[in-house]
Structure formats: C-alpha cells, structure tokens
Amino acid sequence: MKWYEKYLSVYGKPYADVSAEVMDGIRNRLRTLQSDEPLVSVVVIAYNEEKHLPACLWSLSESVCEYPMEIIGVNNDSADRTADVFEASGIPYHTELQHSCGYARRCGLQYAQGKYYICIDSDTMYPPGYVQAMTDALQRPGIVAVSSLWSYMPDEGHPWLGLKIYEFMRDTHLWMQSFKRPELSVRGLVFAYNADYGRKVGYRVDIIRGEDGSMALGLKQYGRIGFVRSRKARAVTGYGTVGADGSFLNSFRVRIVKYLKGMGSYFTKKDRYRDDESNLVR
C-alpha cells in the first residue's frame with residue numbers, strides 16, 4: 001500500500017463526511033508534534049480547501065521528525081468550512097483577508113517562530129519523513145532554501161504510466177534548471193527556507209503566480225538554493241495546472257513545449273524574475 005492511500009478516504013470529500021474519529025486522531029497527533037520552541041515552522045495555507053485540508057493535516061500529523069517543530073495554518077478568508085477544519089485540528093491558525101498565495105504565505109511568515117519556514121499547500125499530502133528531509137537539507141552549509149519534487153495520484157483521466165513519463169521528464173527539467181536558475185525550479189507546495197532571510201526578502205503580492213520563485217530569487221543573495229530529490233521529500237497532490245489545458249494528453253503536449261522553450265535556463269543566470277517566467281509546469 002502506498003503511504004498516502006489511507007488519506008484518500010477523506011481526500012476530496014466535504015468536511016461533513018469526515019468522521020469525528022478521523023479528526024480526533026489528527027488533532028491528538030498534531031498536538032504531540034507542537035513545540036513551544038520550534039526549529040522549524042510548517043505553515044499550511046488554505047483557500048476554500050475543506051475537501052482537501054483534512055487529508056493534508058492527517059499526513060502532517062504522522063510526521064516523524066527529530067527537530068522541534070510547530071504546525072500553523074492560514075485561512076485565506078475561505079467561504080467554505082476551511083476554518084472549521086482548522087478549528088477541529090487544534091493547530092493555531094490565522095485569517096488573511098486579502099486573497100492570493102503571496103498574501104497567505106506572507107501571513108504565515110509573520111507568525112512563524114521557527115528558524116526555518118516550510119511551505120505547505122492544503123491540497124497536497126506529505127510523506128512522514130518530509131519535514132525531516134527538508135530540514136536536514138536546510139542545515140547544510142551555505143544553503144538558505146530548498147525545493148523538492150511531487151507526484152500525482154493516478155486516476156481514470158490520468159493513467160499511471162503516462163503520469164510517470166510526464167513526472168520523469170518534468171523532474172529532469174527541474175533538476176537541470178536548478179543548477180543555473182534554481183528559482184525557476186521552486187514550487188510553493190515543496191519549498192522551504194530560512195525564515196529570517198525570507199522576511200528580509202518579503203513576498204511579492206503584486207503577481208498572480210510566481211511569488212515563491214520571486215522569494216527564491218531574492219534569497220540567492222544570502223546563499224544557495226538546494227534541490228532535494230529524496231523520495232522521503234516527495235509530496236503527492238491533485239492536478240492543479242495539469243488539468244488547466246484540457247485533456248491529459250494536451251496538458252502533456254503544452255508542458256513539453258514549455259520545457260523545450262525553457263532549455264536556455266540550463267545555461268544562463270538572471271537577476272530578475274517576471275510573473276510570466278515561473279514556468280507553470282506543476
């Protein structure tokens with residue numbers, strides 16, 4: 001059985017369909033993980049994610065990490081029962097009234113107490129060793145930020161083999177890109193960095209997408225951005241932008257074209273970051 005299969009029992013379901021037993025288990029486990037003096041802050045942002053947030057928090061509640069940590073939430077003024085899920089989980093959370101990932105992540109950074117800030121997307125599930133692996137990488141000399149990889153759940157519209165081929169090509173592209181322009185290989189769902197440096201850089205909220213890449217670019221002045229390829233740090237998520245271009249085959253074609261156009265980033269560096277340059281190949 002894959003590590004995330006039990007979380008699928010609540011993934012995509014309205015909060016009303018999540019049993020009290022499941023939520024009680026999540027709450028109890030999360031409570032044992034919370035530290036008053038965290039080294040790392042795990043920050044979950046959510047906007048209208050009541051159907052995915054329980055699975056995300058369930059996965060985080062089973063984290064195995066030797067470092068003291070805190071898990072906090074940001075409700076981006078959701079219109080559904082996202083706030084109820086946070087409340088039932090028992091973790092401290094804050095409400096950000098201005099909508100966008102940039103505003104939500106900035107809110108989380110404001111309240112984070114840890115030396116390291118780990119970005120968490122509420123439609124994503126994380127393996128037990130995720131926080132440990134990302135924090136290990138952040139503690140390497142000269143590293144100020146790290147990014148890892150992610151997979152998708154196969155279904156009828158997204159066959160297993162097709163997904164694996166797509167993920168292999170995408171992973172290779174991001175890895176090659178990470179040598180010269182690591183900021184373009186960063187995705188918010190699998191991104192972590194030194195919180196003090198992050199506060200100095202600040203999140204851009206004037207762009208729709210790419211706020212994490214912009215943060216990564218700013219962090220480069222303080223040190224290197226690492227690329228974590230370990231399976232222990234590989235998250236599993238829904239389809240996000242993969243489903244934005246119609247069928248899976250068409251999405252695959254669109255992204256292959258983007259990869260080919262982006263090959264120049266394997267060999268060049270830049271010191272500016274544009275909203276349209278975020279290579280949206282999630």
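Residues are called buried when their relative accessible area is under 20%, exposed when it is over 50%, and partly exposed in between (1.4 Å probe, protein chains only). By this scale Cys-101 is partly exposed, because its relative accessibility is 37%, whereas Cys-56 counts as buried at 0%. The structure is a predicted model, in which local features need pLDDT of at least 70 and side-chain atom pairs count only at pLDDT 80 or more, while totals for chains, interfaces and linings use all residues. Residues are numbered from 1 along each chain as its sequence is written, and side-chain values use heavy atoms, with hydrogens and water left out.

A search of the whole structure for disulfides (pairs of cysteine sulfur atoms within 2.5 Å) returned zero. Cys-101 is accordingly in no disulfide, and the nearest cysteine sulfur, that of Cys-119, is 9.7 Å away.

Helices (H or I, at least four residues) and strands (E, at least two) were taken as DSSP runs and numbered from the N terminus. Helix 6 covers residues 160-178 and includes Ile-165. The buried residues of helix 6 include Gly-162, Leu-163, Tyr-166, His-173 and Leu-174. Seen down the helix axis, the buried residues of helix 6 fall within an arc of 165 degrees and so line one face of the helix, the arc being that of the directions from the helix axis to the C-beta atoms. Leu-161 and Phe-168 are exposed on the face of helix 6 turned away from the buried side.

Leu-161 and Phe-168 also belong, with Trp-160, Ile-165 and Met-169, to a nonpolar surface patch that has about 550 Å² of accessible area together. Patches are made of residues with over 30% relative accessible area and no salt bridge; like charges are joined within 9 Å and nonpolar side chains (Val, Leu, Ile, Met, Phe, Trp, Tyr) within 5 Å. Accessible areas come from the Shrake-Rupley method with a 1.4 Å probe, and for residues only the protein chains shown count as cover. Within the patch, Ile-165 is partly exposed, because its relative accessibility is 42%.

The structure holds 13 salt bridges, each defined as a side-chain nitrogen of Lys or Arg within 4 Å of a carboxyl oxygen of Asp or Glu. Lys-164, Glu-167, Arg-170, Asp-171 and Arg-234 are linked in a network of such bridges. Lys-164 pairs with Glu-167 at 3.5 Å, N to O; the two are separated by about one helical turn because they lie three residues apart in helix 6. Lys-164 is partly exposed at 29% relative accessibility, but Glu-167 is buried at 3%. Arg-234 and Asp-171 meet at 2.6 Å, N to O. Arg-234 lies in the loop between strand 9 (224-227) and strand 10 (235-237) and Asp-171 in helix 6, so this pair ties together parts that are 63 residues apart in sequence. Arg-234 is buried at 9% relative accessibility, and Asp-171 is buried at 13%.

A further salt bridge joins Arg-105 to Asp-212, with the closest N and O atoms 3.2 Å apart. This pair links helix 4 (residues 101-111) to helix 8 (residues 211-219), across 107 residues. Both Arg-105 and Asp-212 are buried.
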